[in-house]
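User: Hi, could you help me look through this protein model, starting with how its pieces are named?
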Amino acid sequence: MALYDFAKGLILEAGNKVRFMMKEELDIETKSNPNDLVTNVDKATENYLYETIHHNYPNHQVIGEEGHGHHLKDTSGIIWVIDPIDGTLNFVHQKENFAISIGIYHDGQPYVGFVYDVMKDELYHTKVGEGSYENNRQLKLIQNTNLKTSIIGINPNWLTKPVVSDIFAPIVSDARSARAYGSAALEIISVAKGQLAAYLTPRLQPWDYAGGLMILNEVGGIGTNLLGESLELNRPNSILMANEKLHEEILNNYLNEQRETIASHHQQRFGNKLRED
């Protein structure tokens, strides 16, 4: 079975298991802070993905949010980057608006990306170079926009934080409006579908964006960090994802003025290895 078909079947079956486990009472724990939650479903789903991948492809590396493969030594071969439940707060409180995300890399290069909106049963997927799809429907190239006519995605909590608020507040002020959906993977998909024109955050892990970034790139979107640099597979980063014109406008007219502040933020927050943040 081709790797693409295997991964597609795997993420759909993982979604089936999540829906089944949701019928039982959740076991909820906190991680780095009271709002950073993990459930028994997150852990069980990652274990299922990890064990199934390694049973079929024992030589593949796996990076997972809940503990698998955080210390990536090199990017050679096939690497799976998985988030078993992206949007755990939504999962716990709303029982919807969360996703399973998978990005597969070959020798460090994007190969296959999936984002599965579990409760809507909508699978977004791409094989790099062959377009992006929502289930069986190919997504169109996204349209360019200006900030003043754009709805952007950003968590409003960042506007209350020192330093970070100074970076983002002018962008939010000049945009037509801003929204927050609580799942980075689904917010990136919203950019890929043209529902949002951009998505920004000062901190995201590779498993949060790996699958979605591939899907976005296939429809003409651009994803970098806030300095305009490429996103790396083996470390967390800041995020600017947008249509091409808006990405350029935000980077040149807003973020470049804050380069020293952003660079300092990166130095303080991000090391060279994956870690919980």
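Analyst: Helices and strands here are DSSP runs, numbered from the N terminus, and please keep in mind that this is a predicted model.

User: OK, so where is Asn-237 found?
Analyst: Asn-237 belongs to strand 14, which covers residues 237–243.

User: And is Asn-237 buried or exposed?
Analyst: Asn-237 is buried, because its relative accessibility is 3% and buried means under 20%.

User: Which side chain does Asn-237 make a polar contact with?
Analyst: The side chain of Asn-237 is joined to that of Asn-225 by a polar contact of 3.3 Å. Setting aside residues up to four places away in sequence, Asn-237 also touches several others, including Pro-202, Leu-204, His-266 and Phe-270.

User: Which residues of helix 8 are buried?
Analyst: In helix 8, residues 259–269, the buried ones are Ile-262, His-265 and His-266. They lie on the same side of the helix, because they cover an arc of only 100° around its axis. The face turned away from that buried side carries Glu-260, Gln-267 and Gln-268, which are exposed.

User: What covers the buried residues of helix 8?
Analyst: The cover includes helix 4 (164–174), strand 12 (198–204), strand 14 and helix 7 (244–255).

User: New topic: which residues touch the most other members in the largest nonpolar core?
Analyst: Among the 29 residues of that core, those are Val-18, Trp-80, Phe-91, Ile-100, Ile-102, Ile-104 and Phe-114.

User: And where does the largest share of this core come from?
Analyst: Helix 1 supplies the largest share, with 8 residues. There is also a second, separate core of 23 residues, and Tyr-209 and Leu-213 are among them.

Conventions
Residues numbered from 1 in each chain as written. Predicted model: local features only at pLDDT ≥ 70, side-chain atom pairs only at ≥ 80, totals over all residues. Heavy atoms only, no water. Helix = DSSP H or I, 4+ residues; strand = E, 2+ residues; numbered from the N terminus. Buried < 20%, exposed > 50% of the residue type's maximum accessible area, 1.4 Å probe, protein only. Polar contact = N/O pair within 3.5 Å; in protein donor to acceptor, adjacent residues only side chain to side chain. Contact = heavy atoms within 4.5 Å. Arc of directions from axis to C-beta. Core = buried A, V, L, I, M, F, W, Y, C linked by side-chain atoms within 4.5 Å.
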